[in-house]
Amino acid sequence: TYEASMTRLYRLGRTETVRPATIELCAFVRAMDDASVAPEQRRAMLKQSATVHQDNYRGAMAGRGLDRHLFTMYVVAQYLKKKSPFLDAVFNEPWRLSTSQTPQVQTKFGIDTLKGAGADYLCSPGGGFGPVADDGYGVSYIISAENRIFFHVSSKFSASATSSKRFAASIEQAMSDIVKLFGLKEADMKS
């Protein structure tokens with residue numbers, strides 16, 4: 001999956017891609033499934049993976065991303081009718097997980113209305129998109145309040161290996177694991 005990063009620091013800059021599945025994040029995820037890893041170490045690994053992600057995001061904003069460069073090379077190779085096994089492999093990878101944040105404000109009231117006490121009910125959990133690959137998932141999310149995140153998970157019924165219900169349950173379990181990792185109570189996280 002990827003996260004879009006703005007390159008508006010440059011004239012006519014649009015977006016670059018940030019890849020969140022870093023070595024550090026993968027190590028943290030594996031540690032969460034390893035009972036022998038202490039909670040303090042898991043928290044440190046999460047912090048390290050967040051630091052790497054922020055550095056990568058800032059680098060992409062400053063023009064140090066690589067996806068747009070690779071895509072340009074791919075387009076030029078196609079135009080020149082040059083074969084590149086590397087570029088063909090990179091751009092023919094299936095996108096089994098497509099994720100994105102959905103806009104918070106979907107009402108005519110605007111963001112100022114949402115700042116009032118109790119006004120977060122105006123945030124809609126609606127929206128989302130379908131999977132890009134036949135055997136994949138489309139997952140959108142909205143962080144609508146300090147203690148509220150909505151997820152919209154979709155997959156195709158025709159794909160026997162996918163299940164939106166199972167995927168959503170895995171997200172819920174992962175969120176619960178994070179709450180426990182920081183010694184919080186789930187009841188305090190629900191409104």
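In what order do the three strands of the open sheet lie? The order is E3-E4-E5, with mixed pairing. Strands here are DSSP runs of E with at least two residues, helices are runs of H or I with at least four, and both are numbered from the N terminus. Two strands pair if DSSP finds at least two bridges between them.

This is a predicted model, in which local features need pLDDT of at least 70 and side-chain atom pairs count only at pLDDT 80 or more, while totals for chains, interfaces and linings use all residues. Residues are numbered from 1 along each chain as its sequence is written, and side-chain values use heavy atoms, without hydrogens and water.

Select the edge strands, E3 (97–101) and E5 (148–154); each pairs on one side only. Next, show E4 with E5: the two run antiparallel and are joined by seven bridges. Ser-140 stands opposite His-152 in E5.

Select Tyr-137 and Phe-167 next. Their rings form a tilted aromatic pair, 4.3 Å centre to centre with 35° between the planes. Rings of Phe, Tyr and Trp (its six-membered ring) pair if their centres lie within 6.5 Å; planes under 30 degrees apart are stacked, over 60 edge-to-face, the rest tilted. Tyr-137 is in strand E4 (residues 137–145) and Phe-167 in helix H6 (residues 164–181), 30 residues apart. Tyr-137 is buried at 11% relative accessibility, whereas Phe-167 is partly exposed at 22% (buried is under 20% relative accessible area, exposed over 50%, partly exposed in between; 1.4 Å probe, protein chains only).

Last, select Phe-71, Tyr-74 and Phe-91, a cluster linked by ring pairs.
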